[in-house]
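Q: Hi! Could you walk me through this one while I have it open on my screen?
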Amino acid sequence: MRLAAIETLGFRTVTFVTHLGRIAAFVGSIFVHSVRPPWRVRRLVGEVFDIGVLSLAIVCLSGATVGAVLGLQGYTTLSRFGAANSLGAVVGLSLVRELGPVLTALLVTGRAGSAMAAEIASMLTTEQLDGLRMMSIDPVDFVVKPKALAMLISMPMLNALFICFALFGGYVVGVKLLGVDGGTYITSMENAITWEDDVAGTLLKSFIFGALVGVIATYRGYTATPTSAGVSAATTGTVVVASVTILLFDYVITALWGV
Amino acid sequence: MQPSATRDLIVGLFVAAGLAAIGYLSIQVGGLSYKGPGGLRLYATFDEIGGLKTRAPVEIAGVTVGQVVTIGLDPSMRARVTIDVDPSLKLPTDTSAGIRTSGLLGDQFIELEPGAEDQTLTSGEEIAMTESALSIERLIGKFVHDSGVESK
Amino acid sequence: MSEPSVANLCARTESKSSRVSPELRILLEDVHLSFGGRPVYSKLSCGFPRGKISVLMGGSGSGKSTLLRLVAGLVRPDSGRILVADEDVTELSERELYRVRERIGMLFQHGALLDSMTIFDNVALPLREHTELSERDIAAEVSRRLTAVGLPDTEALMPRQLSGGMLRRAALARAIISDPEIVLCDEPFSGLDPLNVRRIERLLVELNERLGITLVITSHHIPSSLRMADLITFLVEGEAISGTPAELRVSTDKRVREFLDAERDDEPARPGAPT
């Protein structure tokens with residue numbers, strides 16, 4: 001009986017490692033296609049539209065809301081210590097260091113990551129990927145590469161926009177509603193946040209998160225079971241795996257960055 | 001959306017907005033500036049720096065003109081602070097540097113009071129006159145001691 | 001070594017002589033394949049002659065579509081050789097397969113057009129990818145092909161706006177636009193009304209007669225198969241039985257007979273009812 005459990009563990013481990021190997025090969029393939037022509041700029045632009053532009057609404061709206069909440073919560077806590085003048089710093093640092101990159105990545109995963117996986121999986125199911133192969137076109141080059149690159153490019157920009165909207169949300173709540181001095185808010189924010197410690201880190205994080213979501217979403221779509229249930233599994237699996245991976249990597253990067 | 005000039009335009013606007021946001025955060029908020037290795041670098045030694053940290057601002061008459069770069073100990077066990085200030089400043093050689101507190105309980109920063117000499121400090125020179133940080137504990141202790149002495 | 005002939009290679013043929021050309025463009029030898037433990041073929045051998053129309057028939061699940069995919073290199077067999085236009089596709093890498101596929105066009109059962117692109121962009125894709133033709137020349141070619149398949153005004157439409165028959169014809173235009181020498185069609189008649197069946201039948205026959213294209217078609221539409229095929233290959237129980245339509249019509253093989261007789265209309269659906 002115990003032997004069966006060990007067997008299962010062994011099997012699961014082998015499957016997991018095989019999976020990792022396949023993902024590595026997949027990533028390698030994307031990379032090779034990315035550094036060689038055809039560049040597929042038209043398709044890349046189209047994907048940046050689908051992933052970046054169409055995510056603007058949710059990112060900016062959520063940003064403003066999160067910023068507003070931070071402003072409110074921050075003020076409540078800080079004013080207890082008479083430190084309400086540091087509101088800008090508190091809101092700004094939380095956003096730039098953690099909430100910006102992580103929340104943006106989670107939102108984009110839910111909106112664009114799941115859409116990417118679903119689209120590729122249904123192309124698989126309707127033989128469109130095989131159709132491409134029969135036209136001597138590599139589906140990784142034609143379909144996967146533009147999507148993954150678009151995600152990589154869009155994520156840092158969406159992150160920056162999220163943070164800006166959130167800073168504004170915090171400003172509106174803190175200054176207009178709760179009476180913190182506008183100049184103090186902005187100055188404390190600008191003084192506390194530095195390029196070296198904070199902004200560079202946020203850009204690095206969002207870049208890495210973009211790569212992660214781009215790879216996970218396209219991989220799950222590409223290797224889905226060619227059925228309707230398979231498409232659905234690819235979509236939900238993407239959101240789950242990508243979300244967990246983002247949070248894990250967030251910890252690792254934060255720890256390594258020394259922030 | 002089907003390929004079209006409109007779609008390309010929208011993507012272009014998105015990228016422009018994204019880069020602008022990144023630029024704002026980096027430069028305006030984060031203070032990234034093209035400060036080549038040309039900042040005026042000066043040294044000051046203090047008996048006590050209190051809570052002064054690196055990257056603390058250096059001010060003249062309340063205006064930020066630079067920041068604290070490094071803090072260390074010199075051979076005589078005093079605190080040696082390196083500051084980097086705006087290279088266009090002309091600071092007389094008898095300028096003094098004092099450690100002040102922002103408000104009553106705030107962060108500490110360095111305040112420079114320009115002197116009256118004709119000669120100005122160049123990069124790498126030492127600021128001779130320094131004023132250490134006021135330690136609240138010492139002040140209170142002094143007060144208590146003095147009043148204790150008085151009441152005798 | 002003499003050219004392999006259909007008579008030598010297929011598991012069973014209905015007659016010793018065959019009026020098809022002995023030169024085979026596609027050849028399967030001793031192919032084994034199983035999916036998830038279930039065997040699909042064991043020691044399957046058959047061939048399809050150059051410049052002729054070959055129809056693959058068999059019940060659902062007999063492996064007809066899989067055989068086309070094997071020929072196209074989309075599926076690898078467990079063992080055996082598959083020669084397509086003088087190259088063994090089982091030995092080629094994915095890169096090398098792309099080269100061979102330049103000479104093959106494939107018509108998928110549901111068209112497999114890219115649903116995010118217009119019909120024009122879909123049909124133009126092979127030319128845009130692999131040729132240096134100007135946009136104007138490409139537009140002329142696309143227009144010509146779409147007109148040839150009877151879809152002259154569909155260029156700006158999206159695939160979802162076309163009916164099944166129209167979709168197949170557009171996919172056919174895409175499959176032939178690079179002038180392949182072999183065209184594989186997966187169930188081109190399935191789900192179509194009789195008019196559209198005739199239309200596609202005529203188009204495929206035209207392709208073969210005018211351009212000499214080698215056609216391999218899977219189908220279970222017996223009347224059109226008997227009409228258009230030069231060679232019919234039955235896949236039953238993992239084996240291939242080949243012959244001309246005339247030979248198969250008088251076949252004594254039980255399995256072939258069962259299939260062909262199911263199409264006869266002199267037996268009532270309900271036993272005991274008048275015909």
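This is a predicted model: local features need pLDDT of at least 70, side-chain atom pairs count only at pLDDT 80 or more; totals for chains, interfaces and linings use all residues.

Q: Where in chain C is Ser242(C) found?
A: Look at strand β11 of chain C, which covers residues 239-243. Ser242(C) is part of that strand.

Q: And what does the side chain of Ser242(C) make a polar contact with?
A: With the side chain of Thr233(C), at 3.0 Å.

Q: Let me zoom out a bit. How many helices and strands are there in chain C?
A: Chain C has 10 helices and 11 strands. It is 275 residues in length, and 54% of them count as buried.

Q: What share of the contacts in chain C comes from residues 24 or more positions apart?
A: If you take the contacts with a separation of 6 or more, such pairs account for 64% of them.

Q: OK, new topic: α3(C). Which of its residues are buried?
A: Leu97(C), Tyr98(C), Val100(C) and Arg101(C) are buried there. They lie on the same side of α3(C), because the arc they cover around the axis is only 165°.

Q: What do those buried residues pack against?
A: Partly against another chain: α5 (128-134) and α6 (139-177) of chain A are on the list. From chain C itself come α2, β6 (87-88) and β7.

Q: Then tell me about chain C and chain A. How many residues are in contact?
A: On chain C there are 22, and they are in contact with 18 residues of chain A. About 1800 Å² is buried between the two chains, with 57% of it on carbon and sulfur atoms. Tyr98(C), Leu114(C) and Glu129(C) supply 29% of the area that chain C buries against chain A, more than any other three residues.

Q: Why give an area at all?
A: The accessible area lost when the parts come together is often used to give the size of an interface.

Q: Back to Glu129(C): what does its side chain meet in a salt bridge?
A: Its partner is Arg40(A), with an N to O distance of 2.7 Å. Between chain C and chain A the count is 3 salt bridges. There are also 7 residue pairs in polar contact across this interface.

Q: By class, what is on the side of chain C that touches chain A?
A: You'll find 12 nonpolar, 2 polar and 8 charged residues.

Q: Now the other pair. How many residues of chain A are in contact with chain B?
A: 27 residues of chain A are in contact with 20 residues of chain B. The buried area here is about 2100 Å², and carbon and sulfur atoms give 76% of it. Phe49(A), Met157(A) and Trp195(A) supply 27% of what chain A buries against chain B, more than any other three residues.

Q: How many salt bridges are there between chain A and chain B?
A: The count is 1. Asp8(B) and Arg42(A) form a salt bridge in which the closest N and O atoms are 2.5 Å apart.

Key: Residues are numbered from 1 along each chain as its sequence is written. Chains are lettered from A and ligands numbered from 1 in the order in which they are written. Side-chain values use heavy atoms; hydrogens and water are left out. Helices (H or I, at least four residues) and strands (E, at least two) are DSSP runs, numbered from the N terminus. A polar contact is a pair of N or O atoms within 3.5 Å; within protein, one must be able to donate a hydrogen and the other to accept it, and residues adjacent in sequence count only if both atoms are side-chain atoms. Contact means heavy atoms within 4.5 Å. Buried area is the accessible area (1.4 Å probe) that two parts lose on being put together, summed over both. A salt bridge is a side-chain nitrogen of Lys or Arg within 4 Å of a carboxyl oxygen of Asp or Glu. Ala, Val, Leu, Ile, Met, Phe, Trp, Tyr, Cys and Pro count as nonpolar, Asp, Glu, Lys and Arg as charged, and the others, Gly among them, as polar. Buried means under 20% relative accessible area, exposed over 50%, partly exposed in between (1.4 Å probe, protein chains only). The arc is that of the directions from the helix axis to the C-beta atoms.
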